[in-house]
Amino acid sequence: MLTFSIVRCNCLSVILFGFYIYSLLSVAEDQETDSAFDFLLCRHCGHEVTKSEDVFNKPSASAMRMRNGTILGHPKVLIQRFINPQGSEFELITSKVADVFVQEQSFSSHSWFTGFLWHVVYCPRCGFHLGWFFEPDGFKDNNNTFFGLILHHLLHQDFADSLLITPRSYNS
């Protein structure tokens with residue numbers, strides 16, 4: 001009888017140990033897939049706005065100042081400073097793709113990128129102004145559209161993770 005309970009205890013231990021190892025492997029696998037891309041997040045709510053692979057350099061002759069910075073681990077990302085007609089200044093980076101809400105109304109006046117119409121873009125989760133969407137004026141060409149995102153309104157995911165220790169499942 002004593003032998004049976006020892007064997008039973010060992011079987012339970014082996015089963016629990018197997019579940020423990022499986023959970024470690026699945027957590028590591030989830031972290032590997034998540035870390036394939038670095039994200040820039042909305043500074044107000046943490047919504048994932050754009051991925052590192054989508055940031056690119058689109059220079060504008062209207063920029064007051066241009067500089068290179070390291071963003072999402074990529075050196076030499078073009079950061080441009082613009083001023084709008086109301087006198088507000090913005091530092092922008094450009095991205096091919098962004099998960100944002102694009103306002104329908106477009107404008108051609110005061111465009112920082114010659115030959116492009118602009119639309120205001122907002123965070124789809126909290127409604128915070130994140131920048132502008134630019135499309136060619138005169139014809140629809142999805143290959144030449146891009147987003148100008150306000151750098152100060154974004155936060156690198158690693159920095160956000162260091163501030164908040166919240167499982168991603170709670171953000172859904």
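1. His-110 counts as exposed because its relative accessibility is 57%, where exposed means over 50% relative accessible area, buried under 20% and partly exposed in between, computed with a 1.4 Å probe and protein chains only. The residue sits in the loop between β7 (101-102) and β8 (116-122), and it has a positive phi of about 60° although it is not a glycine. Helices and strands are named here as DSSP runs numbered from the N terminus, a helix being H or I with at least four residues and a strand being E with at least two.

2. Residues are numbered from 1 along each chain as its sequence is written, and side-chain values use heavy atoms, with hydrogens and water left out.

3. Confidence is expressed as pLDDT, the predictor's confidence in each residue on a scale from 0 to 100; the mean for the chain is 81, and 70% of its residues reach 70 or more. Among the elements of the chain, strand β10 (residues 146-150) has the highest mean pLDDT, at 98, whereas helix α1 (residues 2-34) has the lowest, at 48. Over residues 1-9 the pLDDT is below 50, and this stretch has zero contacts in the model beyond near neighbours in sequence, a contact meaning heavy atoms within 4.5 Å. Over residues 26-34 the pLDDT is likewise below 50, and that stretch has one contact beyond near neighbours in sequence. Where pLDDT is low, the predicted coordinates should not be read in detail.

4. Lys-76 counts as exposed, since its relative accessibility is 63%.

5. Strand β9 (residues 129-136) is largely enclosed by the rest of the structure, because seven of its eight residues are buried. β9 pairs with β8 in the antiparallel sense over seven bridges, where two strands are said to pair if DSSP finds at least two bridges between them. Within this pairing, Val-120 has Trp-132 in β9 as its bridge partner. The two strands form a hairpin with six residues between them, and Gly-127 in the turn has a positive phi of about 80°.

6. β9 is also joined to β10, by four bridges, and these two strands run antiparallel; here Phe-134 stands opposite Phe-146 in β10. Gly-138 has its place in the loop between β9 and β10 and is exposed, with a relative accessible area of 73%. Although Gly-138 and Gly-115 are 23 residues apart along the chain, their C-alpha atoms are separated by 8.5 Å.

7. Another hairpin is formed by β1 and β2, with five residues between them, and Gly-46 in its turn has a positive phi of about 85°. Strand β1 (residues 39-42) and strand β2 (residues 48-51) pair in the antiparallel sense over three bridges, and Leu-40 stands opposite Thr-50 in β2.

8. Side chains of opposite charge can pair when their charged atoms come close. A salt bridge is taken as a side-chain nitrogen of Lys or Arg within 4 Å of a carboxyl oxygen of Asp or Glu, and the count by this rule comes to five. One of them brings together Lys-51 and Glu-53, at 3.5 Å from N to O; Lys-51 is partly exposed at 23% relative accessibility, and Glu-53 is partly exposed with a relative accessible area of 45%.

9. In it, Arg-65 forms a salt bridge with Glu-91, the closest N and O atoms being 3.6 Å apart. Arg-65 lies in strand β4 (residues 65-71) and Glu-91 in strand β6 (residues 89-95), so the pair ties together parts that are 26 residues apart in sequence. Arg-65 is partly exposed at 44% relative accessibility, whereas Glu-91, at 17%, counts as buried.

10. Glu-89 forms a salt bridge with Arg-81, and the closest N and O atoms of this pair are 2.8 Å apart. Glu-89 counts as partly exposed at 42% relative accessibility, and Arg-81 counts as partly exposed at 22%.
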